[in-house]
Amino acid sequence: MIEIDLEKEGVRGVNSRLHSLPKDTNERHWLVKNPMGQHAIACGLDAPITVEIAGHAGFYCGGMNKQAEVIVHGHAGPGVAENMMSGIVRVDGNASQSAGATGNGGLLVIKGDAASRCGISMKGIDIVVGGSVGHMSAFMAQRGHLVVLGDAGEALGDSIYEARLYVRGKVTSLGADCIEKQMTEHHLAKLARFLDQAEIKANPHDFRRYGSARKLYNFNIDHADAY
Amino acid sequence: MCGIVGLYLKNPKLQPKLGELFKPMLIEMTSRGPDSAGVAIYRNPAKKGFTKFSLAHDDAKFGWKKLSTALKTATKKQVSVQQIGNHAIITTNAKEEAVTAWLREHHKDVRIVGSGQAIEIFKETGLPEKVYEKFDLAKAKGSHIIGHTRMATESAVTTAGSHPFATGADLCLVHNGSLSNHNRLRENLKREGLEFQTENDTEVAAAYMTWKLRQGSSLKQTLEDGIKDLDGFYTFCVGTHDGFAVVRDPIACKHAVLAETDDWVAMATEFRAIAHLPGADKAKIWEPAPQTIYNWGGH
Amino acid sequence: MDTNIPRTTPRKSATFDDYTLSEIRRAATTGIYDIRGAGAKRKLPHFDDLLFLGASISRYPLEGYREKCGTNVVLGTRFAKKPIELKIPITIAGMSFGSLSAEAKEALGNGATLAGTSTTTGDGGMTQEERGHSKTLVYQYLPSRYGMNPDDLRKADAIEVVVGQGAKPGGGGMLLGQKISDRVAQMRCLPKGIDQRSACRHPDWTGPDDLEIKLHELREITNWEKPIYIKVGGARPYYDTALAVKSGADVVVVDGMQGGTAATQEVFIEHVGQPTLACIRPAVQALQDLGMHRKVQLIVSGGIRNGADVAKALALGADAVSIGTAALVALGDNDPHLEEEYQKLGTTAGAYDDWHEGRDPAGITTQDPELAKRLDPKLAGRRLANYLKVMTLEAQTIARACGKNHVHNLEPEDLVALTVEAAAMAQVPLAGTSWIPGKNGY
């Protein structure tokens, strides 16, 4: 494992090192020390490497991640793994708002809570949250999955498209066009796989599924209130 | 837009280091607020019956001693003065109304920045690091402190427009965000007798609080009413005599983080401001929920 | 009964004019707001209300051709490792693949490259065609983040963070599904044929203080190479420009209400956002107050039509202008030779703006392959290059007449205004007087 001290190298120093690694590099395991809540740590990675962050990260940690595995041994600020394309980002602690925002692919695992707007505008990312998520989570969620073991705040899945939501705890309220849907064997199997990948133990049967009612897909004056 | 930070010491043994501990917190927020900075520090509580006034003047060579003597003569009360940078702390047992009336009549050029038993407010245009130096805060002792770094949005960069804004005895407000109905609210508050020095939206929020508190509302009720009456995006940190309170608007787009150890409670717009505090790594860290009032120290 | 009583002439109402009456009927019938493309159509104070003074006994003109009048501009000198160098101070504004056909995007790329300037992607992401055909490509970073990915970010020559646009500052809402074809749906990760609901705010930041952190992230991902533009609609140009600078912008783009859109609510276009002319001086003032004029470049858009408009915008302090609507017209949009088809659509050449319906006879604002085939990207690209060349020559002619060896040396003192409004907005004197309304206390 290669250690790099962010306090000495700065965010630019850390990111330059990681960005300059060739895709077939042997230097595959990194530990970033003293993150000090700084922003954009390990963003824009594009190599099959593992980057562990020894502490709390600021905004946009792992932003636009491709292929890499980023592990935050602490909490992460707003926008963790925003627009991720592939790979895995794990947060041992809590994530702040807009976790996984507009993510296109890959897996985001948050062991603790995620705040508001978790999975906002998601485009294919899969997110698993061990704790609860805040209000407006999965807002305008287009594609992908959000799995929440705890509770969900107000307006879950407001204006949702085709993303699928699985929540074990209480849902304070559902957003426009988001409804509870039936759980079939297919969904249970998928959910089991997500929990497995996230290395989080839970019984898929304890979850409820939520998704789009598809009433806002083509304008109808009777639904104008929803806009 | 801005950065806001607050530090409340649970462990009295740390009080001599308050200014030293707070310095990196404020400076870390420089990029969020390069225009001006300000702090409200709670220290050296005045004796019973005495009030401390935080005053400021643009002229660094202003005759504070002279002013203090004149005030003494006019009110026939005890008056002592301590100059710090271009601010001064006047401690007196004269009635607050008498002091403000006298200042208004004889020294329109003096800004009344805050008042109370323990509070001292210092604020100025310029980088946070410079402002901290100007007011000799690195060595300051006290029980708690809140601070602000400013990036002006819809009003000018002036000292008067800097935060914290005083809202009553030992009360002040710092704000990160942007209100959207402050202009109409300002007109209404003017009709209720409140006065304004700037076009700043935060000044309106502070005046709103002053107005509510004057009418007998508790701080909690005031902040709850504020959530309804103030429109826009905001995270507020209110400094109180015994601690501070934090509240976010219902949409809650402006980030805020809270942290607590056995020794201290801290709040900041970004965690990296808190990261410098001793024990930050092991602190309990969480985000304030929207429309919820968090309060330390009672009020 | 006296049949000789004269009747008064039938009189229509200026308040309830024909358009208003038809709109009330339409609203009553459908129950939904009117959606259309293009920018504000009503008459507004604009560049036509300004005039250049030209040469005189005190000011000497430059000879055409021999005495050079430079037109080049460099964008992104503040932070970027690789600023953009353009031959002309006119760029092509952001328009999405989705709102435009692939052929139209290709034509824009061809024309811009021939003329030595840049094009901009839109709310849908970067297509291979556009990157292939456009030598200099600005990549828009929008609230929707449709198609956003780090590979395209790194392929771009510049990044434009869109906070707002002139047609709809604060816009979001709903657009109808006719143009979400297979390819568009795939690029945007949306089901085909459904209404597209757009976000009005960015999903992971709000406010200039958080925007600064976002810019830092974008720079980290792209190795600090690319200029970052921040685009705003004409809302509060002074404060918006100041805050864009404080957030770390390399370039500020201000788009007035005449700026076009693919589709949004008519009320938004006509009633929110200021005219372009009213935005320029405040934006320049903000740059000057921060000591950043010419260090952070200003691009102005919204109703730029000819070389005179270009010259006037530069004279008021802009570094460059951007065209959208005009570029489409150059390609062939709203051309009279298609009048018969416009009539079938219930409109006429020059008025066609229902671009969201995707039935454009010119093949530009459509995804229908049969219609899109009508546009020849090479020919249309040539037309755009011609138009850009004419605008540049016109601006140079004016600048030479004002004694300038570079179009950037045009200044407000070269201008006068024909109306009080234009004088006030442009902060130049009313012709024949020394009066600038609002200055010096009167």
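**Strand pairing and helix packing**

Tutor: In chain C, strand E6 (residues 118-120) pairs with strand E7 in the parallel sense, and three bridges join the two. Strands pair if DSSP finds at least two bridges between them; helices (H or I, at least four residues) and strands (E, at least two) are DSSP runs numbered from the N terminus. The model is predicted, so that local features need pLDDT of at least 70 and side-chain atom pairs count only at pLDDT 80 or more, whereas totals for chains, interfaces and linings use all residues. Residues are numbered from 1 along each chain as its sequence is written, and chains are lettered from A and ligands numbered from 1 in the order in which they are written.

One of the bridges between these strands links C:Ser118 to C:Thr136 in E7(C). Strand E7(C), residues 136-141, is mostly covered, with six of its six residues buried (20 or more other C-beta atoms within 10 Å of a residue's own, C-beta atoms being placed from the backbone). In a regular strand, side chains alternate between the two faces of the sheet. On E7(C), C:Thr136, C:Val138 and C:Gln140 point one way, while C:Leu137, C:Tyr139 and C:Tyr141 point the other way, and all are buried.

Helix H6(C), residues 208-221, and helix H7(C), residues 237-247, have axes that come within 8 Å and cross at roughly 40° (axes are lines fitted to C-alpha atoms, for helices over the stretch in contact, with angles from 0 to 180 degrees between N-to-C directions). From H6(C), the contact (C-beta atoms, placed from the backbone, within 7 Å) draws on C:Pro208, C:Leu211, C:Glu212 and C:Leu215, and from H7(C) on C:Leu243, C:Lys246 and C:Ser247. These residues comprise four nonpolar, one polar and two charged (Ala, Val, Leu, Ile, Met, Phe, Trp, Tyr, Cys and Pro are nonpolar, Asp, Glu, Lys and Arg charged, the others, with Gly, polar).

In the other crossing, the axes of helix H10(C), residues 307-315, and helix H14(C), residues 377-401, come within 7 Å at roughly 55°, and these helices are therefore oblique to each other. C:Gly307, C:Ala308, C:Val310 and C:Ala311 of H10(C) meet C:Val390, C:Met391, C:Thr392, C:Leu393, C:Glu394, C:Ala395, C:Ile398 and C:Ala399 of H14(C). By class, nine residues of this contact are nonpolar, two polar and one charged.

Chain C also touches chain A, in a contact that takes 24 residues from chain C and 39 residues from chain A. On the chain C side, H6(C) gives the most, with five residues. That side of chain C is made up of 13 nonpolar, five polar and six charged residues.

Chain B holds an open sheet of four strands in the order E4-E5-E3-E6, with antiparallel pairing. Its edge strands, E4(B) (79-84) and E6(B) (111-116), each pair on one side only, and the twist from one strand to the next averages 20°. Five bridges join strand E3(B), residues 51-56, to E6(B) in the antiparallel sense, with B:Ser54 having B:Gly114 as its bridge partner in E6(B). Helix H2(B), residues 64-75, lies across E4(B) and strand E5(B) (87-92), running at about 160° to E4(B). Helix H3(B), residues 96-106, lies across E3(B), E5(B) and E6(B), at about 175° to E6(B).

Terms used: Two residues are in contact if their C-beta atoms, placed from the backbone, lie within 7 Å. Angles under 35 degrees count as roughly parallel, over 145 as roughly antiparallel, 65 to 115 as roughly perpendicular and the rest as oblique. A residue is buried if 20 or more other C-beta atoms lie within 10 Å of its own, exposed if 12 or fewer, and partly exposed in between; C-beta atoms are placed from the backbone.
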